[in-house]
Amino acid sequence: MKLLAPSELDAALRTLPHWSLRTDKLFRELVFADFAAAFSEMTRIALLAEARQHHPEWWNSYRTLRVWLTTHDAGGITEKDIELAHAIGA
C-alpha cells in the first residue's frame, strides 16, 4: 500500500471536515451523550474496521472517543485510512 503524497493528503482532509492530522495520523474526537452511546459507536466502527481488515487506534473514557488512523505496514496514511475515515463519518 502506497503512502499518500502531501498534496493527496491535503485534498483528502478537505473531504473530511471533522478529521485532522495529529502526530502523522488521521485523528477525530467524538463526544456522545453517555457511555452507552460511545460504546455503541465503538461497536459500529469495530464492525466497519473488521470488514476492511483495517483497525483503528482508539481511546475511550466515559462519553469521549478518540480515533487515530494510520496504516502501520506502510508507515503512514494511505487510501485505506481515508476510506475508513469516510465510513466512520466525515
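Modeller: Glu57 is partly exposed, with a relative accessible area of 24%, where buried means under 20%, exposed means over 50% and partly exposed lies in between, for a 1.4 Å probe and protein chains only. This is a predicted model, in which local features need pLDDT of at least 70 and side-chain atom pairs count only at pLDDT 80 or more, while totals for chains, interfaces and linings use all residues. Residues are numbered from 1 along each chain as its sequence is written, and side-chain values use heavy atoms, with hydrogens and water left out.

The partner of Glu57 is Lys25, and their side chains meet in a salt bridge at 2.8 Å, N to O; the term asks for a side-chain nitrogen of Lys or Arg within 4 Å of a carboxyl oxygen of Asp or Glu. Because Lys25 belongs to strand E2 (residues 25-31) and Glu57 to strand E3 (residues 57-61), the pair ties together parts that are 32 residues apart in sequence. Lys25 is likewise partly exposed, its relative accessible area being 21%.

The structure holds 5 salt bridges, and another of them joins the side chains of Arg44 and Glu41 at 2.7 Å, N to O. Both of these residues lie in helix H2 (residues 35-52), 3 residues apart, which is about one turn of the helix. Arg44 is partly exposed at 33% relative accessibility, whereas Glu41 is buried, with a relative accessible area of 14%.

A further salt bridge brings together the side chains of Lys2 and Glu8, at 3.3 Å from N to O. Here Lys2 counts as exposed at 57% relative accessibility, while Glu8 is partly exposed at 33%.

As for the setting of these pairs, the chain has 3 helices and 4 strands, these being DSSP runs numbered from the N terminus, with at least four residues (H or I) for a helix and at least two (E) for a strand. Along the sequence they follow the pattern α-β-β-α-β-β-α.
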